[in-house]
Amino acid sequence: MDMDNLLRRYFGSDDLADVNAAAIPAATERMLVDLGLKKDPAERFALWSLLYMLGSAPDLDVAFEDEADREAARNFMDLMIKAQQQQE
């Protein structure tokens, strides 16, 4: 799943800076519902990643049954933290 497609699907724009802040809670709720319904691991990971960047991701043990998926999510979190630290 492409991140730009996710942004357009849930927010109507591929740039979060263009999104009205009032629209974020409803879009986040739809993403959480879809995360619970999706079976494809790649789609679930993409949704979880976007939710993580928005500060709304569920805990890893809730989001991912497979330990390899949880480890991939931990790696993603580490990369995001490092990227944020480099920007500071």
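## The largest pocket

In this predicted model, the largest pocket is lined by Lys38, Lys39, Pro41, Arg44, Val62, Ala63, Phe64, Glu65, Asp66 and Asp69. The space inside this pocket amounts to about 180 Å³. Rolling a probe the size of a water molecule over the atoms is a way to show where such empty space is left.

The lining can also be described by residue type and by the elements that contribute to it. Of its residues, 6 are charged and 4 are nonpolar, while no polar residue takes part. Two helices, α3 (41-53) and α4 (60-63), each supply at least two residues of the lining.

## Salt bridges

Side chains of opposite charge can pair when their charged atoms come close. The count for this model comes to 5 salt bridges. One of them joins glutamate 43 to lysine 38, with a distance of 3.4 Å from N to O. Lysine 38 is also one of the residues that line the largest pocket. How accessible are the two partners? Glutamate 43 has a relative accessible area of 26% and is partly exposed; lysine 38, at 22%, is likewise partly exposed.

Helix α5 covers residues 67-87 and contains both arginine 70 and glutamate 67. These two residues form a salt bridge in which the closest N and O atoms are 2.8 Å apart. Is arginine 70 buried or exposed? Its relative accessible area is 17%, so arginine 70 counts as buried, the limit being under 20%. Glutamate 67, by contrast, is partly exposed, with a relative accessibility of 40%.

A further salt bridge links glutamate 71 with arginine 74, and here the closest N and O atoms lie 3.1 Å apart. Glutamate 71 and arginine 74 are 3 residues apart in helix α5, so about one helical turn separates them. Both are partly exposed: glutamate 71 has a relative accessible area of 36%, and arginine 74 has a relative accessibility of 31%. Through salt bridges that share partners, Glu67, Arg70, Glu71 and Arg74 are joined into one network.

## The largest nonpolar core

Which members of the largest nonpolar core touch the most other members? Among its 18 residues, they are Tyr10, Phe11, Met31 and Trp48. Two or more residues of this core come from each of α1 (3-11), α2 (24-37), α3, α4 and α5. The greatest contribution is that of α3, which gives 5 residues.

The surroundings of phenylalanine 11 illustrate how parts of the chain come together. When neighbours within four places in sequence are left aside, phenylalanine 11 is in contact with Leu16, Val19, Ile24, Ala27, Met31, Leu50 and Leu54. One of these contacts, Met31, is itself among the core residues that touch the most other members.

## Methionine 80 and its contacts

Methionine 80 belongs to helix α5. With a relative accessible area of 29%, this residue is partly exposed. Which residues does methionine 80 contact, apart from neighbours within four places in sequence? They are Tyr52 and Met53.

Methionine 80 and tyrosine 52 are 28 residues apart in sequence, and their C-alpha atoms are 9.5 Å apart in space.

How values were computed. Residues are numbered from 1 along each chain as its sequence is written. This is a predicted model: local features need pLDDT of at least 70, side-chain atom pairs count only at pLDDT 80 or more; totals for chains, interfaces and linings use all residues. Side-chain values use heavy atoms; hydrogens and water are left out. On a 1 Å grid over the protein atoms alone, a cavity is a set of points where a 1.4 Å probe fits but cannot get out, and a pocket is an open set with protein on both sides within 12 Å along at least five of seven lines; lining residues have an atom within 4 Å of a point. Grid points are joined across faces, edges and corners, and a volume is the space filled by probe spheres set on the points. Helices (H or I, at least four residues) and strands (E, at least two) are DSSP runs, numbered from the N terminus. Ala, Val, Leu, Ile, Met, Phe, Trp, Tyr, Cys and Pro count as nonpolar, Asp, Glu, Lys and Arg as charged, and the others, Gly among them, as polar. A salt bridge is a side-chain nitrogen of Lys or Arg within 4 Å of a carboxyl oxygen of Asp or Glu. Buried means under 20% relative accessible area, exposed over 50%, partly exposed in between (1.4 Å probe, protein chains only). A nonpolar core is a set of buried Ala, Val, Leu, Ile, Met, Phe, Trp, Tyr and Cys residues joined through side-chain atoms within 4.5 Å. Contact means heavy atoms within 4.5 Å.
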